[in-house]
Amino acid sequence: MLPESKQRVVITGLGVLSPVGIGKEAYWKALLRGQSGIDRLTRFDSSLYDSKIAGEVKDFVPEQFLDRKEIRRTDRFAQFGVAAAKLAVGDAALELGEEDPENIGVVIGSGIGGIETLCEQHSVLLNKGPNRISPFFIPMIISNMAAGQIAICLGPKGPNFTVVTACASGANAIGEAYLMLRRGAAEVILAGGTETPIVPVAMAGFCSMKAMSTSNDEPQRASRPFDKNRDGFVISEGAGVLVLETLGHASARGARVYGEVAGYGCTADGYHISAPEPEGTEAARAIRIALEDAGISPDRVDYINAHGTSTELNDKIETMAIKKVFGDHAYKVPVSSIKSMIGHSLGAAGALEAIACALSVSTDWVPPTINYEQPDPECDLDYVPNQARQCPVRVAVSNSFGFGGHNAVLVIKKFEG
Amino acid sequence: MADLNDQAIFEKVRSIIVEQLGVEENAVALETSFEAMNADSLDIVELIMALEETFGIEIPDEAAEKLLTVGTAVEYIKANS
């Protein structure tokens with residue numbers, strides 16, 4: 001499937017904005033504690049909505065990452081992207097001023113883009129007419145602007161684009177960046193995803209699909225992937241950016257390495273606009289392709305970071321897909337969904353989950369699936385219920401599946417020289 | 001708005017500029033050009049829109065193109081409101 005290449009791709013920096021904290025330390029500590037970032041929705045009045053809960057990034061101060069003028073001309077999703085990129089670059093101790101900007105790329109996924117600005121400006125159109133639409137409206141809403149703004153703020157001049165595959169966007173972005181690094185299109189790529197979908201029209205749309213949890217009375221217990229009583233996903237916002245480098249570049253500058261991106265597979269269900277294909281055939285094939293790309297047999301996988309949305313269909317069908325690939329080993333490998341804690345941040349989810357995998361292989365800890373109480377006969381794997389687990393993690397697989405039938409799978413392994 | 005004097009108009013214009021261009025208040029004088037405050041073409045469009053709305057006036061594109069400094073904007077507003 002892939003061209004031969006000598007370049008290996010390593011992860012050297014992590015930038016996180018999540019409902020359980022900003023920065024990788026806060027994020028990882030909260031995930032291993034099993035802490036929920038879900039609460040009553042505060043970004044707008046949700047009293048008329050079926051779902052009134054969300055995972056909001058509460059302590060985000062844009063002024064810490066952007067100047068006043070840049071803040072005015074960027075949507076929240078792009079601000080998140082820039083912030084996560086700056087955190088990742090800082091974490092990687094990458095001195096951008098000393099690098100050749102042409103060798104540094106940016107690939108950022110986003111499912112929806114600047115929908116908050118879209119809604120605000122649509123109100124302006126209706127209330128004040130077409131001559132009052134902001135000249136910044138278009139540049140603020142287009143989904144590629146997080147990637148564009150990261151280059152504007154940080155200076156990379158290499159390949160720069162956005163991947164849009166709904167809830168698989170973040171994973172596809174990392175996968176595409178990995179492929180470019182392997183074939184020598186860049187030495188360093190800032191890759192990840194960003195999403196800020198907690199706005200009325202998006203919330204109403206997901207509610208209308210009956211995809212969201214309505215466990216409004218117990219926000220922190222609402223996201224319960226693989227549990228028998230799961231009743232839908234909980235929307236959240238966030239951003240995750242990883243500094244990916246060729247091993248040669250990372251070694252030359254003596255970078256700390258969290259892990260290696262070893263494989264990537266993507267397929268399409270070709271089945272339905274939102275429902276997963278009922279047998280999980282193509283999801284399973286994406287996992288197989290990623291493992292083959294990594295040259296790793298399924299029985300050597302130590303951890304699966306599931307897509308695990310907490311919807312009836314996803315969790316059941318993802319479990320089937322895992323069994324198809326792993327056979328008996330499916331019952332031995334720990335499988336967990338951090339969406340139980342941070343909710344579903346759509347286009348950012350795959351990136352935040354890849355970051356969790358990078359931290360798993362570098363620390364030998366697996367984050368739990370919280371709120372797991374009632375086993376479902378159709379979900380009968382080891383979901384790492386409620387408590388983080390310390391165990392050797394040499395190989396982690398991260399699954400991401402998006403509306404439209406997009407399946408993206410990453411293999412992240414411990415760096416072993 | 002006809003009763004606004006020069007100083008009142010200037011102060012309103014200045015507060016819009018400070019907000020939109022992210023500059024300090026003491027960096028905005030009558031003779032300061034928008035270019036010197038790093039305003040790009042989109043900033044100018046937004047600024048003109050805010051002036052129209054604040055002062056209840058219409059600023060046609062031909063007129064807007066000639067408003068290169070804070071002072072010319074203040075003069076235009078004074079003459080047209």
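This is a predicted model: local features need pLDDT of at least 70, side-chain atom pairs count only at pLDDT 80 or more; totals for chains, interfaces and linings use all residues.
Modeller: Residues are numbered from 1 along each chain as its sequence is written, chains are lettered from A and ligands numbered from 1 in the order in which they are written, and side-chain values use heavy atoms, with hydrogens and water left out.

Colleague: How do you know that chain A is in contact with chain B, and how many residues take part?

Modeller: Contact means heavy atoms within 4.5 Å. By that rule, 12 residues of chain A are in contact with 18 residues of chain B.

Colleague: What is the area buried between chain A and chain B?

Modeller: Buried area is the accessible area (1.4 Å probe) that two parts lose on being put together, summed over both. Here the value is about 1,200 Å², and carbon and sulfur atoms give 42% of it. Of the area that chain A buries against chain B, 48% is supplied by A:Lys69, A:Arg72 and A:Arg132, more than by any other three residues.

Colleague: What makes the pair B:Asp43 and A:Lys69 a salt bridge?

Modeller: A salt bridge is a side-chain nitrogen of Lys or Arg within 4 Å of a carboxyl oxygen of Asp or Glu. For B:Asp43 and A:Lys69 the closest N and O atoms are 2.9 Å apart, so the pair meets the definition. Across the interface of chain A and chain B the rule finds nine salt bridges. Helix α2 (residues 68-72) of chain A gives the largest share of the side of chain A that touches chain B, namely three residues. Helices (H or I, at least four residues) and strands (E, at least two) are DSSP runs, numbered from the N terminus.

Colleague: Which classes of residue make up the side of chain A that touches chain B?

Modeller: That side has four nonpolar, two polar and six charged residues. Ala, Val, Leu, Ile, Met, Phe, Trp, Tyr, Cys and Pro count as nonpolar, Asp, Glu, Lys and Arg as charged, and the others, Gly among them, as polar.

Colleague: Why is α10(A) called largely enclosed?

Modeller: Buried means under 20% relative accessible area, exposed over 50%, and partly exposed in between (1.4 Å probe, protein chains only). In α10(A), 10 of the 14 residues are buried, so the helix is largely enclosed by the rest of the structure. Among the buried residues are A:Ala283, A:Ile287 and A:Leu291. What covers them includes α7 (169-182), β9 (259-268), α11 (312-326), β14 (395-402) and β15 (406-413) of chain A.

Colleague: What makes A:Leu291 a buried residue?

Modeller: A:Leu291 has a relative accessible area of 2%, and the limit is under 20%, so A:Leu291 is buried. Leaving aside neighbours within four places in sequence, A:Leu291 is in contact with residues including A:Pro298, A:Phe326, A:Val397 and A:Val411.

Colleague: Is A:Ser398 buried or exposed?

Modeller: A:Ser398 lies in strand β14 of chain A. Its relative accessible area is 1%, so A:Ser398 is buried. Beyond its neighbours within four places in sequence, the contacts of A:Ser398 include A:Asn305, A:Glu353 and A:Cys357.

Colleague: Which parts does the salt bridge of A:Arg43 and A:Glu116 tie together?

Modeller: The closest N and O atoms of A:Arg43 and A:Glu116 are 3.2 Å apart. A:Arg43 lies in the loop between β3 (39-40) and β4 (53-54) of chain A and A:Glu116 in helix α4 (residues 115-128) of chain A, so the pair ties together parts that are 73 residues apart in sequence. At 34% relative accessible area, A:Arg43 is partly exposed.

Colleague: Why are A:Lys24 and A:Glu25 put in separate accessibility classes?

Modeller: A:Lys24 has 13% relative accessibility and so counts as buried, whereas A:Glu25 has 53% and so counts as exposed. Their side chains meet in a salt bridge (3.3 Å, N to O).
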